[in-house]
Amino acid sequence: MSKKIIIGNWKMNPLTLKEAEKLFGGVVKGVSIIKNTEIVICPPSIYLDKLTKVRTNKIKLGAQNAFFEQSGAFTGRISGEMLYNIGARYVILGHSERRARGEGNNNINKKIKASLSAGLRPILCVGEDMRDESHSYFNLIKTQIEECLFGVSRNLISKIIIAYEPVWAISTTLNRKDATANDSREMVIFIRKILSDKFGADASKMRIIYGGSVNEKDALEFLKNGGVDGLLVGRASLNAEKFVDIIKICEASSK
Ligand code: PGA
């Protein structure tokens with residue numbers, strides 16, 4: 001079984017390279033004793049080059065998006081190959097903050113395939129904006145997964161991580177609510193069923209993680225009772241101490 005994984009999504013933070021190096025350095029220092037937890041940090045792509053030069057064998061780097069063409073006349077885009085060549089090994093795709101600005105499943109699907117051929121491991125984010133009494137959000141998650149993974153070959157799916165992020169629980173959502181480990185576990189079971197219907201036994205090699213305001217206080221509960229193989233952490237990953245605490249909690253829970 002793969003190690004549990006803790007992924008930090010810095011989003012569009014911090015404002016300067018100096019701060020980025022300081023934050024990254026703080027995490028590097030704090031995780032020297034970590035052995036059984038995979039750690040990934042996804043900073044803004046502009047900081048990747050510098051951060052790959054910081055010596056650490058504990059932390060891998062990821063991007064927060066990648067375009068589906070390799071190179072060419074695509075002003076403002078960055079390809080998976082470019083990210084890989086600079087040292088990124090993961091890429092977040094389909095984050096709700098991008099979906100809210102018009103990114104659709106079809107585009108995400110193309111990005112997943114292109115990222116896989118570039119050698120990156122996609123972290124596919126899925127999640128509903130809200131929950132309704134009729135439970136139609138299950139269908140929405142099913143559609144997101146089926147459309148985003150359409151045509152992905154079975155031998156590559158173990159490289160994909162699914163991040164279940166209920167948008168209503170993300171720290172920046174207005175009037176957000178806490179999701180519980182139970183909410184997570186129920187959805188993870190559902191997602192596992194969709195994946196095994198689609199990919200058969202190979203689906204069990206895929207990791208499913210939870211994201212949505214995870215902090216050092218509730219991380220253990222999600223890891224123990226949320227049915228997940230790791231966490232995607234936004235706001236708390238901008239504080240080296242808190243992020244390291246979450247990693248240590250994960251490490252202790254894997255023993
Ligand atoms: P949050 O972000 O931890 O700040 O809620 C998670 C995410 O959006 O990936």
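How many nonpolar, polar and charged residues does the lining of the largest pocket have? The count comes to 6 nonpolar, 7 polar and 4 charged residues, with Ala, Val, Leu, Ile, Met, Phe, Trp, Tyr, Cys and Pro taken as nonpolar, Asp, Glu, Lys and Arg as charged, and the others, Gly among them, as polar. The model is a predicted one, in which local features need pLDDT of at least 70 and side-chain atom pairs count only at pLDDT 80 or more, while totals for chains, interfaces and linings use all residues. Residues are numbered from 1 along each chain as its sequence is written, and side-chain values use heavy atoms, with hydrogens and water left out.

The volume of this largest pocket is about 490 Å³. Its lining consists of 17 residues, and Lys11, Met12, Gln64, Asn65 and Arg98 sit closest to the centre. A pocket here is an open set of points on a 1 Å grid over the protein atoms alone, where a 1.4 Å probe fits, with protein on both sides within 12 Å along at least five of seven lines; lining residues have an atom within 4 Å of a point. The volume is the space filled by probe spheres set on the points, which are joined across faces, edges and corners.

Polar side-chain atoms lie 2.5 Å from a ligand oxygen for serine 171, 2.7 Å for histidine 95 and 2.8 Å for glutamate 165. Of the 280 Å² of accessible area that the ligand has on its own, the protein covers 99% (Shrake-Rupley method, 1.4 Å probe).

How values were computed
A polar contact is a pair of N or O atoms within 3.5 Å; within protein, one must be able to donate a hydrogen and the other to accept it, and residues adjacent in sequence count only if both atoms are side-chain atoms.
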